[in-house]
Amino acid sequence: PRFVFASSISAPDQCPTEPQGPSEIQKATAELLVTDCSRKGVVDGISVRLPTSFFSSIIRESLSGYETICPVPPSYCHIVASPEAVAGNLLHAANLSSRQIANARIVNMPGVAVTVYEIIEAISNVTEKNVVKLVPQGSNDNKRRSLHMSNIFKTNDESLALSLGFYPDESIDTIVRSYTDDYLRHSKRCQRRQLLRLQFSGITA
């Protein structure tokens, strides 16, 4: 059976001598298990390393009117992806033939490389909202972690994934627009329904 493991680009390509955190080691260990079990014929597995970071909170929290502390400078660049692209690529991984992934058990999902500033700019372009004040830069406590993640971005090779048909989002603007169109509107509909239920309960109580 096909087994698709949702990993992360934070998983080290080689066993690190100084682990950056338990999550990375857990991801790398799981990848090794999937590859080894596939070699033994227990499963037909593939690990897809997804673009994951705190960047999502910049979009999610600021568009909801909440402040989100950014631990890195505005020029910091990382890879992001929309939920739609992630889901589509995981389904794509499930439908690849065994021959295609025989020598490709671990792939880095393609994403959009953006800076913190470019995300804020995209939010402004799509929603006409100025959220700069909602994304203050935090302390330097996470500086070591940030530098590590920056190195991950620099070494993230997407060529294998692209050759297998995996795909990135079109741009950061499309990611923000997708979020505002789908999630925020759905959230507002849920809030209206909840309000109607409360009003109805008050009337019938």
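Contact here means heavy atoms within 4.5 Å. By that rule, and leaving aside neighbours within four places in sequence, Ile 59 is in contact with Ile 119, Ile 123, Ile 172, Ile 175, Val 176 and Tyr 179. The model is predicted: local features need pLDDT of at least 70, side-chain atom pairs count only at pLDDT 80 or more, and totals for chains, interfaces and linings use all residues. Residues are numbered from 1 along each chain as its sequence is written, and side-chain values use heavy atoms, with hydrogens and water left out.

**Nonpolar cores**
- A nonpolar core is a set of buried Ala, Val, Leu, Ile, Met, Phe, Trp, Tyr and Cys residues joined through side-chain atoms within 4.5 Å.
- Buried means under 20% relative accessible area, exposed over 50%, and partly exposed in between (1.4 Å probe, protein chains only).
- The largest core holds 21 residues, and Phe 55, Ile 59, Ile 119 and Ile 172 have the most contacts inside it.
- At least two residues of this core come from each of α2 (55–63), β5 (112–115), α4 (116–127) and α7 (172–204).
- Helices (H or I, at least four residues) and strands (E, at least two) are DSSP runs, numbered from the N terminus.
- With five residues, α4 gives the most to this core.
- A second, separate core has 14 residues, including Val 86, Ala 93, Leu 96 and Ala 161.

**Helices α2 and α4**
- The axes of α2 and α4 come within 10 Å and cross at roughly 35°.
- Axes are lines fitted to C-alpha atoms, for helices over the stretch in contact; angles run from 0 to 180 degrees between N-to-C directions.
- From α2, the contact uses Phe 55, Ile 58, Ile 59, Ser 62 and Leu 63; from α4, Val 116, Ile 119, Ile 123 and Thr 127.
- Buried residues of α2 include Ser 57 and Ile 58.
- Gly 65 follows α2 and has a positive phi, near 90°.

**Ser 82**
- Ser 82 sits in the loop between β3 (77–80) and α3 (83–95).
- Ser 82 counts as buried because its relative accessibility is 3%.
- Its side chain makes a polar contact with the side chain of Asp 169 (2.6 Å).
- A polar contact is a pair of N or O atoms within 3.5 Å; within protein, one must be able to donate a hydrogen and the other to accept it, and residues adjacent in sequence count only if both atoms are side-chain atoms.

**Thr 29**
- Thr 29 lies in helix α1 (residues 22–39).
- Thr 29 counts as partly exposed because its relative accessibility is 40%.
- A polar atom of the Thr 29 side chain lies 2.8 Å from the backbone oxygen of Ile 25.
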